[in-house]
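Dear colleague,

Please find below the structure that I am handing over to you. My notes on what was found in it follow directly after.

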Amino acid sequence: MTILPYNEITALFEKSGMNITEEQYALLDKYADLLVEYNKVMNLTGITDPMGISEKHFLDSLLVFKLADIPENASVIDVGTGAGFPGVPMKLYRPDLDVTLLDSLNKRINFLEAVSRDTLPMTCVHARAEEGGRKTELRERFDIAAARAVAALPVLAEYCLPYVKVGGSFIAMKGPSEDISLGKNAVKLLGGEISDIIDYSLPSGDKRVMVIIKKISPTPTKYPRNGGQISKKNL
């Protein structure tokens with residue numbers, strides 16, 4: 001068993017005001033099986049126990065549906081998706097979404113393509129975030145960009161906001177320690193506006209912050225800069 005039994009994961013989700021159907025559970029369970037299997041030969045995650053996967057990977061990813069407005073049939077890009085969080089759980093929980101998973105490491109993309117074949121179809125793109133954001137077929141094409149990452153908000157915003165169409169949103173899922181106000185200038189330069197900052201906790205007590213940024217004008221063509229410039233000097 002790679003995730004909690006259905007009755008236990010139902011109880012876990014209910015603590016956070018979420019529901020999970022048997023169909024959603026079956027898809028997440030399949031994903032967890034693949035995650036643990038592939039993790040034996042490549043470094044995808046340090047969390048492989050049933051409770052950890054159920055809460056810190058799945059519930060943590062899916063709380064976006066409780067805390068943010070994700071329209072029906074929305075196009076979603078998960079930037080720097082890694083092992084697929086939050087994008088894969090979002091697709092398996094809401095099959096109406098059109099989900100694109102972008103990562104710079106080809107072996108992770110190979111894993112995600114296997115997940116897509118065995119669960120629900122998702123688009124997997126092998127590219128660095130700043131390169132993808134300059135591609136015509138990806139730039140300002142998505143209703144939602146999501147990222148669950150440790151990078152500071154000015155860095156994340158420069159990587160992610162170029163993907164979001166005007167009227168869409170960038171959702172940053174972060175830990176509790178960052179001063180979000182330090183990202184306001186970058187967000188504004190990139191055509192965004194911080195619309196909500198939500199502090200919340202997982203049932204285990206782990207604290208999280210979700211930052212919701214609305215795209216109110218096109219991102220200037222000079223952004224994103226190259227990776228070296230982004231890391232050396234925040235906007």
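A disulfide is counted here as a pair of cysteine sulfur atoms within 2.5 Å. By this rule the model contains 0 disulfides. The sulfur of Cys124 lies 17 Å from the closest cysteine sulfur, that of Cys160, which is too far for a bond. Cys124 is buried, at a relative accessible area of 17%, and Cys160 is buried as well, at 1%; buried means under 20% relative accessible area, exposed over 50%, and partly exposed in between, with a 1.4 Å probe and protein chains only.

Please note that this is a predicted model, in which local features need pLDDT of at least 70 and side-chain atom pairs count only at pLDDT 80 or more, while totals for chains, interfaces and linings use all residues. Residues are numbered from 1 along each chain as its sequence is written, and side-chain values use heavy atoms, with hydrogens and water left out.

Helices (H or I, at least four residues) and strands (E, at least two) are DSSP runs numbered from the N terminus, and two strands pair if DSSP finds at least two bridges between them. An open sheet of 7 strands runs in the order β3-β2-β1-β4-β5-β7-β6, with mixed pairing. Its edge strands, each pairing on one side only, are β3 (123-126) and β6 (192-201). Strand β2 (residues 98-103) pairs with β3 in the parallel sense over 4 bridges, and Asp103 stands opposite His126 in β3.

Helix α6 (residues 106-118) packs on the sheet, touching β2 and β3, and its direction makes about 170° with that of β3. Contact means heavy atoms within 4.5 Å; axes are lines fitted to C-alpha atoms, for helices over the stretch in contact, and angles run from 0 to 180 degrees between N-to-C directions. Helix α3 (residues 50-62) lies across β4 (142-148), β5 (164-174), β6 and β7 (207-215), running at about 150° to β4.

Rings of Phe, Tyr and Trp (its six-membered ring) pair if their centres lie within 6.5 Å; planes under 30 degrees apart count as stacked, over 60 as edge-to-face and the rest as tilted. A search of the whole structure finds 7 aromatic pairs. The rings of Phe142 and Tyr163 have centres 6.5 Å apart and planes at 65°, so this pair is edge-to-face. Phe142 belongs to strand β4 and Tyr163 to the loop between α8 (153-160) and β5, 21 residues apart. Ring pairs also link Tyr31, Phe58 and Phe85 into a cluster.

With kind regards
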